[in-house]
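Subject: Structure handover and notes

Dear colleague,

Here is the structure we spoke about, for you to open alongside this message. My notes follow below it, and I would be glad if you read them with the model on screen.

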Amino acid sequence: MSGTKMARGHFRRRLVASTAATALIAAGVLVGTASGASAKPVSGGTLYFITNAQQFDNVDPARVYTGRDIAFFNSYLYRNLVSYKPVKGAAGSSLVADLATNTGVPSNSAKVWKFTLRPGVAWEDGKAVTCADVKYGVSRPFAADVITNGPQYLVDALAIPKLADGSSAYKGPYKKTGQELFDKAVTCTGTTVTFKLNRSFADFNYALTYPAGAPVPAAKDKGDKYDLRPFSDGPYKIAAYKIGDEMHLVRNTKWSQKSDTVRTPYPDDIVVRFGLDENVRDQIMLDDSIPNTVNLDGLQPANLRTFFADPKRESQRLNVIDPYIRYQAANVSAGHLDCLDVRKAIFFAWNTQALIDLAGGTVFYGVPGDSPVKSVLGLDYAPTKGNIHDPAYKIAGNPDEAKKYLAAAKTSCPATYARVTDPTKGFTEDLPKTASQQKASVLIQAAMKAAGMTVNFNFIPSGVYYATLGDTTKQNDLSRAGWAADWANASTVIPPLFSTPSSNNYTQNTNDPAFAAFKAKSDAANAMTDRKAQAKAWQELSQYAMDQYWILNPIFGKGQEEWGSQVGGVYFWDPQGTFGFGQLYVKG
Amino acid sequence: MLKYLVRRLSATLLVITLVSMSVFIIFAYLPMDPARLTCGKACTPPIIEANRHRLGLDVPVQIQYGRFVKGLFVGREYGEGAAKFECPAPAFGYSFNKHECVATLIASAFPVTFSLAIGAFILWLLLGVSLGVLAAKRQGKWQDKASTVFVLVGISLPTFISGILILLLALKFNLINPIEMGRWVSPFTNPLGWAWNFIFPWITLALAFAATYTRFTRSNVIETSSEDYIRTARAKGLSEKVILRKHTLRAALAPIVTIAGLDFAGLLGGAIITENIFNLPGLGRLSIRAVLIDYDLPVILTTTLLAATFVVVMNLIVDILYAYIDPRVRVA
Amino acid sequence: MTSPFLEVKNLTVSFPTEDGLVRASNDISFTVARGETLAVVGESGSGKSVTSLAVMGLHNRRSAQISGEAILHLESGDVDTISAPEDVVRKLRGKSMAMIFQDPMSALHPYYTVGDQISEAWGLYNEGSKKDGIKRAIEMLELVGIPEAAKRVNEFPHQFSGGMRQRVMIGMALVNNPSLLIADEPTTALDVTVQSQILQLLRDMQKEFNMAVILITHDLGVVAEVADRVCVMYAGKIVEQAQIDDIYYVPDHPYTIGLLNSIPRVDQLDGRRLLAIPGQPPSLISLPTGCAFRARCSLSHLVPNNLCATKVPDLDEKLTGHFSRCHLTEAQLSKARTAPGDAL
């Protein structure tokens, strides 16, 4: 949603691995409690969702890319070949067969994947969902001229040649350029669809939890406008979707419970109201004035504290470790922060405590992190050495330690040293132009000054923050950024952030002497089918990225959710990092 | 008169053209790239290029402008192959963010903004003028002092505060359902529902605007009351009521036509804050979100043009109207 | 002399201000009969307009303190416009007494056609349609000498010349056949050539309607053409009152003499300089003790015992029907009359 986009920037996908959730509970990090789902769910009624945003960023299954939207539409409108199990806790991150009869059968070192469709699944017009629909749905992300946004895993992994500019030789179902290449990579035999991949992809079925792999009936595809009215094979269909007003879902009478082991649709109507003023939205939650409402946004800080301090609302809220990390990407290209000692100096001088306090404290905002891979990712996360575990590290900053590294930088990289310590020059950090970041900049400035460094700020309008940074020539020395794994594998963290020159790699580390070795190891890890060996590789790469101080002072974030007193069946769906929408009901 | 109209209309057209060109040029030189905005995490150079092409930003700005102007008259086609579709004339462009032709978006947003503007306009005129007249007639009395307080509050209280206050009060007394608030109801099918939907936004805007009109009316009535022709009217034996209604107000309110017309035109372009607070899907909300969140050039361009057009056209109407009201400025 | 139509007795109008009470007109008494023209002459600020507005009841009763009487002898009985209720006085305005003003541009409403404005006045006291009102307006415009009246009735004041506007004003004032017309400096804002036409019109109209006319002016020259009697006012008081000829031939107050000497006269083009009265009129808030004109009077030294500075002179009937407010004897005055300027 646009509001989410603005507030959360580049965070795209939320996911917590099955093993990760176990780790979470063991570590006692799950600070919120879900309302008891012990009461028997009730059918009927209208379930409301409220948001300040004007619209969903995307509704088209091929374009949906935020965890919340994926979970929402996956629960109500469209079915993937496989889905995450819609349950609370660790089991929620396991895959279950949805449209398919199994979670996929890999062969040829996981370079070929087969799925067989379940019988009796129908579109909202009563027609059966066919293998051709799946194939057509999978072909759509290739149409870069129409399907913007959305995950690129299928485009990257399917065995279709790439052109010189890195794009696929297949241009999607609208232009049909290279259609024969696609037809070879994705084939239908009866109700069985076969995907041929260009590499070993052990967790390819996880990539298919994205609706980008969901079927689309070619006859209903309206190109760009499909984003307004996707065709449903789920338990609900869109009765109305008016941007800036509402989305109204009603029961899809052609859907049958028999064909679906995943969804339990309770409400008769689901209404998403867009555009509520933030104060109105918060007031609805604080007063419980519309008790059959779920808040899709976060509350404003003061209201959040009030809501979470109110004992009456105890069963209407969640405070959990969310899938996001927030960090400072150091631009290590020549002429920027190309000096490890300077990066270390900044790291040690950083007043993380003050910044966390400013943003809501450790209760609501997050805790200092030690890796680009978040602890909730389980298998792929291991505490790193050094950085926040360094004896000299202080959460409120250690200017003396920072000065030691500056002193070292004086000889190791005199030019960079001279620049960052020169009060008339200094280094520059990119920040989104928001009130809270402007306040944060004052704290950052003070912390740097205490260590004898000077920092300037380049405030970029928040709506275009990442779009601006995506052009690396516009990037300064340090850039605030955030990330979440696409699924429970650091293959969706390490490669995009560090080992490709992609628009998400704000470290610009391609000229770093260590880059070639790092990339080789990362590419190898990506192709591994031995999950444990792969996890070890990601841990080592995380350690390396931290040792190089490519990212500084990451925060492992927390998230809060609120809902009205009449909403039942609420739980935190770990892999999606949001509600398990499909089980929500309106209490009688 | 015809000659005058033709001259004024062509000047109006020129202004609108210049405004549209300026918006294009400003956008061309913005330090960010709209082509990067829609793909987010998926942005790779080929995707960005595909996006740029899709948005029509891969050609020089003058060609973009040419396409825009052409689209106004003959409509415009987007996409290629099976994904091709058309926005019929007058095509202001296509919002890839909202997946609609901009003309469609405007057509759905304008009735909201117009409803908001017209109701608030009537309300603030009634309120502002009657308070102003009362204050003038009771100069120095408590009514006058009360109106001074009203003016001070009205002028110093921004709508983003008064609007929230009014809204929270209305919520507190259960006068509106916060979740249904702002939903468009047609005045033709449900006039009461329509009015109820707008009553609090009307009050919010009216309070903000009425203050100026109170002050303005008060001083104008006082000034006009001392005019010689008012003394003449009195010498004729007219009653105070007739003098006020027919002689004083006619002259005192004539200048209000100008500011009222321009204020109204300004509102037609969208009342950003009020629309946002009361969740009204009007032009103001459409444009501000297009600017701040979506960088939706076709929407921004059209709403800007529309706002400019309202102002210039209203200027013309006001001038013509003023000539009708004040025979001294009537054109020969 | 016929019995007066308007009788003003001891009329005093003051305005409280932050600086003190402004005594704009002080103890004024005069009469005017139908068919008679009374000229009220004086410098600006002498109280002539204030007096006439008080008669018309046009002062804001909240901001003006008014005492005395202004009695209209109507067929239906006497009405004192000072003490009568506001509503009663209003219904006399335009019908029994009418007024025209100095600047006919600003005195006509710029937004209404002259026809509308005249017909509005007519409609106030006559039953009839708007059309009748316009018809009547055309008649009035013709009567006051506006050519093509039927066409011009639909025009706006700014489309008329100054003189024509004043004709419109006169037509509007007379539309209800009033018994009293107060003309407040009706020619001051007009070109000299137009002035006498308007005065001629006023005279004609007076005959036509047999009105009592009060002509307020600062110009004694104007007075000569039309007035039957003259009141000369100075600093809120009447200083001299007499038949028109007496004023011209035997002015009985140094101020009147001064005024007369400042008029260019065709019969005295013998090289004598025009003599302006030196000095300024006194402040109406703090009037000097004694005679208000004393400071500008070139003869006051002739009065013994410094009387001019200590005692306010009374308005005495020094000659028959000729009142004057001066301590000087008749002999001293006649000397001054004959040898103006170098007299004393």
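At what angle do helix 14 (residues 399-412) of chain A and helix 15 (residues 414-421) of chain A pack, and how far apart are their axes? The angle is about 135°, and the axes lie 6 Å apart, where axes are lines fitted to C-alpha atoms, for helices over the stretch in contact, and angles run from 0 to 180 degrees between N-to-C directions. That makes helix 14 of chain A oblique to helix 15 of chain A, since angles under 35 degrees count as roughly parallel, over 145 as roughly antiparallel, 65 to 115 as roughly perpendicular and the rest as oblique. Helices (H or I, at least four residues) and strands (E, at least two) are DSSP runs, numbered from the N terminus.

Before going further, please keep in mind that this is a predicted model, in which local features need pLDDT of at least 70 and side-chain atom pairs count only at pLDDT 80 or more, while totals for chains, interfaces and linings use all residues. Residues are numbered from 1 along each chain as its sequence is written, and chains are lettered from A and ligands numbered from 1 in the order in which they are written.

**Chain A**

In the pairing described above, A:Leu406, A:Ala409, A:Lys410 and A:Thr411 of helix 14 meet A:Pro414, A:Thr416, A:Tyr417 and A:Thr421 of helix 15, two residues being in contact if their C-beta atoms, placed from the backbone, lie within 7 Å. By class this contact has four nonpolar, three polar and one charged residues (Ala, Val, Leu, Ile, Met, Phe, Trp, Tyr, Cys and Pro count as nonpolar, Asp, Glu, Lys and Arg as charged, and the others, Gly among them, as polar).

In helix 9 (residues 278-287) of chain A, the residues A:Val280, A:Arg281, A:Asp282, A:Ile284 and A:Met285 are buried (buried means that 20 or more other C-beta atoms lie within 10 Å of the residue's own, exposed 12 or fewer, and partly exposed in between, with C-beta atoms placed from the backbone). Their cover includes strand 1 (46-50), strand 11 (293-295), helix 10 (301-309) and strand 17 (551-562) of chain A, together with helix 7 (159-172) of chain B. After helix 9 of chain A comes A:Asp288, which has a positive phi near 55°.

**Chain B**

Chain B has 13 helices and four strands, and its C-alpha atoms fill a box of roughly 80 × 55 × 40 Å, taken along the principal axes. Of its 332 residues, 47% are buried.

The domain assignment gives domain 1 (20-91) and domain 2 (108-329) of chain B, with bounds that come from an automatic or database domain assignment. Their centres, taken over C-alpha atoms, are separated by 37 Å, and the contact takes five residues from domain 1 and six residues from domain 2. On the domain 1 side, helix 1 and helix 2 (34-37) of chain B each supply at least two residues, and the largest share, three residues, comes from helix 1.

Helix 1 (residues 2-28) of chain B also packs with helix 4 (residues 61-74) of chain B, at an angle of about 140° and with the axes 10 Å apart, so that the two helices are oblique to each other. The contact is made by B:Met21, B:Phe24, B:Ile25 and B:Ala28 of helix 1 and by B:Val61, B:Gln64 and B:Tyr65 of helix 4, which divide into six nonpolar, one polar and no charged.

A cis peptide bond, with omega about -5°, joins B:Ala89 and B:Pro90, and B:Pro90 sits in the loop between strand 2 (85-87) and strand 3 (94-95) of chain B.

**Chain C and its contact with chain B**

Between these chains, 18 residues of chain B are in contact with 21 residues of chain C. Helix 9 (228-235) and helix 10 (240-268) of chain B are the elements that give two or more residues to the chain B side, with helix 9 of chain B giving the most, six residues. That side divides into six nonpolar, four polar and eight charged residues.

Within chain C, C:Glu148 has a positive phi of about 50° although it is not a glycine, and this residue is found in the loop between helix 5 (130-143) and helix 6 (149-152) of chain C. C:Glu148 counts as exposed, with 11 C-beta neighbours inside 10 Å.

With best wishes
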